[in-house]
Amino acid sequence: MTEDNQKEKLKQHFARRVTTQARVVLDTWQKARESADQAEILHRDLSSATEKLVRYAQRFEMEKHAAAGERLLEILKRWAPESPLASDVQDDLQNAMDKLSQCTLRRTDQDLEEAPRTYLRTPVYVALCEMEMAHRLIKQLEFFGFRAAAFEDAESLMDACSRHKPETILMDVNFGGSPLSGIATVEALQERHDTPIPIVFMSDEDGSIETRLRASRSGGEEFFYPSVDPGQLIEKIETYTHGNTVEPYRVLVLDDSRAQAKFMENVLTRAGMKAHIITEPMQIIRALDEFSPEIIVLDMYMPGCTGMEIARVIRQQDRLHSVPIIYLSAEDDVSKQLHAMSLGGDDFLTKPIDPKHLIATIHNRGRRARSLLALMIRDSLTGLFNHTHTLHLLDQEIVKARQRDQPLCFAMLDIDHFKKINDTYGHPIGDRVLRSLSMFLKQRLRKTDHIGRYGGEEFALILPGTRESDAKNVINEIRERFAELLQPAGAQEFNVTFSCGVAAWNGENAQALCERADRALYEAKRLGRNNVVSAAG
Ligand code: GH3
Ligand code: MG
């Protein structure tokens, strides 16, 4: 081993120690939040764990971890041991923890194995009459990267909720022991929060309309009767925990009046949207390419050309066919408005614009456009990108990788002996397996990665900015964890594995890259399945 090699190995070894300690800190924080001895745990355990983290991080020169740890210590010192935890201190602590978990999440060679994705999520609370079932479910949830906790009685659940609002609660209608006592607990809980907690109700005994109504009124988003298998429940829980992260709408505004454009930018930004403003019609093509807007707002009359002419040009491009176009003008002649709409517009707003009206229109159009787009580019069973869109994304990522001179990996993944799963347990269970793998991948890959359903039981991963060894490590970890996951099928359970071929981009086009990944996948199958194989160069 060369000296450099040795140094690198040592560095990795120590880096792991820092990330492990960071994990202990995050763990202690979570434990404290759910415990009645919160203050004591924070003062005693959290302080000492953090001190250790800072010491390690300084010694091994991991500045980000050191800074995050120091910030934590500062906050802890500010807070006197005998006083209760004030909400501003609690917020500061949470922010510092978020920072810490972010630096722990960074996917470098060193902390790849440690990445504790789960800490970024708020918990799912499980309130079922049968503790055994609750614990089984929690185990499954944890496999998917959720943090979950079970409760024995209404009191401890209420207590935990007041300390940490959960993302969702899975609730037995009769939780607590008597008929409908679960719903009563939820009613009491919701009164304490400004925004209701989404609840997934289940019942073995009572599916009557009266009960369903009462459950729904108390914030019940789902009602399972008679009770369901864990796979289905987890899928629902996934919906409620992911729906919250809505990306801001990207709105492109073309208006030749600088003042009007500025006003629009202000209104849109304040409403939490991403606005890109241009005042020169000839910049439109470039803005479309670079900003890829989801909604376009066009002024009707500009020097040189009209908004309607611009709309026609936009509509001539296939990929922009479904992007909503909203016209903006002082025009109040209805027949002219209708004419403008017939040329590819979706809405017409007259100046002066009422900001509320503008925002409402953009929201409505944007939401609809997103759901239409999702139908076009996503696979309906798994919600992943479909084959065509995956290839389109791969083309785009190749262009970016070339521009930025960055690595890029493409992986093909195929479930092992899937036909047998269908034959043994039936097609619906097969479908459930496909969804469970797709959720698993979504949970464990970065936001910047793209996941596609390439074919029946074949998935494709595009991993920008990733070297082959990193890609292989990440996928291998996913493979091992997925293989441990128990797939429920009625009273039975089974395990599923997948094989994968990874190819690092070497300057070739998308087709050649796919072919290499495909050959590596074939090789992975040939070598006995349940493994990840790198493509030949
Ligand atoms: P190998 O380990 O070699 O990949 O074997 P395999 O059985 O997974 O591969 P094979 O290509 O023989 O079978 C794939 C099966 O996947 C056949 C097809 O019926 C099934 N399949 C494809 N799409 C779907 C789907 O959407 N849902 C379900 N349930 N099954 C599907
Ligand atoms: Mg297969």
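Which residue in strand 3 does V126 stand opposite? To find out, open this predicted model and select strand 1, residues 124–127, together with strand 3, residues 168–172. You will see that V126 stands opposite L170, and that the two strands run parallel, joined by four bridges.

Stay with strand 1 and show its side chains: V124 and V126 point one way, while Y125 and A127 point the other way, and all of them are buried. In a regular strand the side chains alternate between the two faces of the sheet.

Within strand 2, look for A148, the bridge partner of V124.

Now return to strand 3 and select D172, which lies in that strand. The unreviewed UniProt entry lists D172 and D299 under "modified residue: 4-aspartylphosphate". These two are spread over 128 residues of sequence, and in space they are up to 54.4 Å apart between C-alpha atoms.

Is D172 buried or exposed? Because its relative accessibility is 9%, and buried means under 20%, D172 counts as buried. Leaving aside neighbours within four places in sequence, show the residues in contact with D172, which are A127, L128, C129, G182 and M202. Then select N174, whose backbone nitrogen lies 2.9 Å from a polar atom of the D172 side chain.

Finally, move to D299, which has its place in strand 8, residues 295–299. D299 is buried as well, with a relative accessible area of 4%. Not counting residues up to four places away in sequence, D299 touches L254, D255, D256, G307, L328 and K351.

How values were computed: Residues numbered from 1 in each chain as written. Chains lettered and ligands numbered in written order. Predicted model: local features only at pLDDT ≥ 70, side-chain atom pairs only at ≥ 80, totals over all residues. Heavy atoms only, no water. Buried < 20%, exposed > 50% of the residue type's maximum accessible area, 1.4 Å probe, protein only. Pairing = 2+ DSSP bridges. UniProt positions renumbered as here; feature names shortened; annotations may be inferred. Contact = heavy atoms within 4.5 Å. Polar contact = N/O pair within 3.5 Å; in protein donor to acceptor, adjacent residues only side chain to side chain.
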